[in-house]
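Dear colleague,

I am passing on the structure that we talked about, and my notes on what I found in it follow below. Please read them with the model open beside you.

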Amino acid sequence: MILEAFSYNFFQNAFISAILASIVCGIIGTIIVEKKLVMMSGGIAHTSFGGIGLGYLLGFEPILGAFGFAVFAALSISSINRKARTNSDALVGIFWSVGMALGIFFVSLMPGYPPDMTSYLFGDILTVSDFSMNIMIIANIVVVASVVLLFNYWKVYLFDEEFASVLGIPTRLLENFLFIMIALTIVVLLKVVGIILVIALLTIPPAIAKLFTYDLKNIMIISSLLGVLFTVSGLFISYAFNIASGATIILLSASAYFISAFAKGKIFKS
Amino acid sequence: MNVIEVKDLSVDYGPVRALDNINLQVEKGEFLGIIGPNGGGKTTLLKVLLGLIKPNHGEVEINFKKPIGYVPQFSHFDREFPISVLDVILLGALEGKIKILHKFKKDQVKKAEEIMKSLGILEFKDRQISQLSGGQLQKVLIARALMVEPEVMILDEPTASLDANSKTEIYNLLKLLNKDKTILVVSHDMGVINSYIDTVACLNRNLHYHGDDTKLDQNVLEKVYGCPVELVAHGPTPHRVLKIHEEDEK
C-alpha cells in the first residue's frame, strides 16, 4: 500500500515537502530556541494568517500573502522593540491576534461561500501544490546556504550579540536576515503542520537534540533528521489511517520528546 | 596620551537622564575603576564607550586600535547555550568584516590554547560552559577578549557573585594584563578593587572623577570612596545631602 502511494503525484509532493520542511525547521528551530525567539515566531506565524486571507480576497496565492505578512510582522516587532524599549511580549501578542483577526476579516469580505482555511491552520501535507514545493526549495537553499556560509557569525550572534557588535560584526543585518528566514520557514511549514502547530515542530526536535549533544552544529543536524523522521512517519500514518497530518506529526514529535527525556533521566539517574 | 576622551557626554532614556555632562579622560596604560551605585549609569557609560549606545549629546574620542577587549557580566549569560569553552574563546578571533565560509586557522586555535594555558583553564577546553564555575567562566570571557589582542579592555562587574579567592585571582590577573593594556573596570566591589586600580571614577549620573595626576593614596581613596559608599548606603545620609548641595551650587 505504501509503495503504491508513491505512484501518486500528490504523495510524492508530500514526501519531498516533508523532507524539505524538516531541514529548514531543524536549522531555524535550533536558532529560535537558542535566541529565545519562540513566542516571537509564534506571533509571526499567526500574523501570516492575515496575508492568507488577503490572498484569498484579492485572488493571489495565499502563501505569498502569508510570507509578506510574516516578514512585515517580524521586522516591525524588532524595530518597534528597539526604538520604544517596550515589552516585546505584549507587542507579539498584539500582532498575533490582529493577524488572525485580519485573516478572518478579509475572508468574510469575500462574496459567496468563504474558502476552507483549515488546511492553513492545521496543515495538510497531502495537498501541497507545486507552487508551495518551489517555495520550499527556495527556502531550503536560502536557509542552508546562509547558515553554512556564515556559521561562525551566526554562532557569535546567537551566543553574545553585544560582543559581536563590539567586534564590528553587522549584527543588525544578521538580525533582519534571521527574521526574514524565520518568516520563510514559517511559510514553508504552513502547509505541513499549519499555523497553530508550527511552534511545536520548530521547538521539539531541538529540544530532543539538546538532550544528547551540546554542539550547535550537531543540534541543527540532529533536529533536521528528527524532523524528517517525524514528518515522514506522520505522513504515512496520516495517509494510511486518514488522520490529519499536522496533528499526527505533532503528537508523534511530542511523544518522542517525552520518551527521550524520560529515558535520559532514567539512564543518568541510575 | 589619552586613549579615550569623553567630552560633555549625556545620555537620555526617554525622559530620564542616565548620564549628565560627563567629561572623562583615560590615559594609556591606566587601570581605571568606575564605581557608583546601581542605576548610576555605569553600564550606560560602558556601552557608550563600546559603541553600543549612541549618546544624545557630546562625543567620545577613541585613540587606539579597535576593537576593545570587552568582558561582559558573566552572570547575564545563558549558561545552557550549546558551545564549548574553546569555541567561546575562538569567537574572539572573528573580525568585523564578514568572510564567507569562515574557518578558524590553526594558529588561532594554538593562540587560544596558549591563552587558556596562561589563565589555567586549558583543562576545560572541551567542556560546555554550563559545566564551569563562575570564576572559570569569567576567565573564559577574559580569554575571549584577549583573542582580540586589545589595547584597551573593558570589564563589566568582573567579580560580581564570585567568592573572595576568585575575586583576588581575577584582579591579580587584570593587574598583570595592565602591564601592556589600558583597563577599565566597572564594579561595586570597592573593598577589592581599591588595591589594584590607579584611578577611580565615581559615577552617579554625574561624574566625580579623580584624573590622571591623582594617583591614589589612602587619603584620596577615603575621600573619593566617601561619595559612592555613602550613596550606596540605605537612606539619605548627611554626606549624601552635602554632595547634592555641592552640585547645586555649581
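How many residues of chain A are in contact with how many residues of chain B? The contact joins 21 residues of chain A to 17 residues of chain B, where two residues are in contact if their C-beta atoms, placed from the backbone, lie within 7 Å.

Before going further, please note that this is a predicted model, in which local features need pLDDT of at least 70 and side-chain atom pairs count only at pLDDT 80 or more, while totals for chains, interfaces and linings use all residues. Residues are numbered from 1 along each chain as its sequence is written, and chains are lettered from A and ligands numbered from 1 in the order in which they are written.

On the side of chain A that touches chain B, helices H8 (151–159), H9 (161–166) and H12 (216–241) of chain A each supply at least two residues, with the largest share, 5 residues, coming from H8(A). Helices here are DSSP runs (H or I, at least four residues), numbered from the N terminus. By class, this side has 12 nonpolar, 3 polar and 6 charged residues, counting Ala, Val, Leu, Ile, Met, Phe, Trp, Tyr, Cys and Pro as nonpolar, Asp, Glu, Lys and Arg as charged, and the others, Gly among them, as polar.

H8(A) is itself mostly covered, since 7 of its 9 residues are buried, that is, 20 or more other C-beta atoms lie within 10 Å of their own, with C-beta atoms placed from the backbone. The buried residues include Trp154(A), Lys155(A) and Phe159(A), and what covers the buried residues of H8(A) includes H12 of chain A and helix H2 (85–91) of chain B.

Turning to helix packing, the axes of helix H4 (residues 62–84) and helix H5 (residues 88–108) of chain A come within 10 Å and cross at roughly 155°, the axes being lines fitted to C-alpha atoms over the stretch in contact, with angles running from 0 to 180 degrees between N-to-C directions. That crossing makes H4(A) roughly antiparallel to H5(A), a word used for angles over 145 degrees. Residues of this contact include Phe69(A) and Ile77(A) of H4(A), and Leu91(A) and Phe95(A) of H5(A); by class, the contact of H4(A) with H5(A) has 7 nonpolar, 3 polar and no charged residues.

Finally, Val187(A), leaving aside its neighbours within four places in sequence, is in contact with Ser48(A), Ile63(A), Ala66(A), Phe67(A), Ala70(A) and Ile135(A).

With best wishes

Conventions. A residue is buried if 20 or more other C-beta atoms lie within 10 Å of its own, exposed if 12 or fewer, and partly exposed in between; C-beta atoms are placed from the backbone. Angles under 35 degrees count as roughly parallel, over 145 as roughly antiparallel, 65 to 115 as roughly perpendicular and the rest as oblique.
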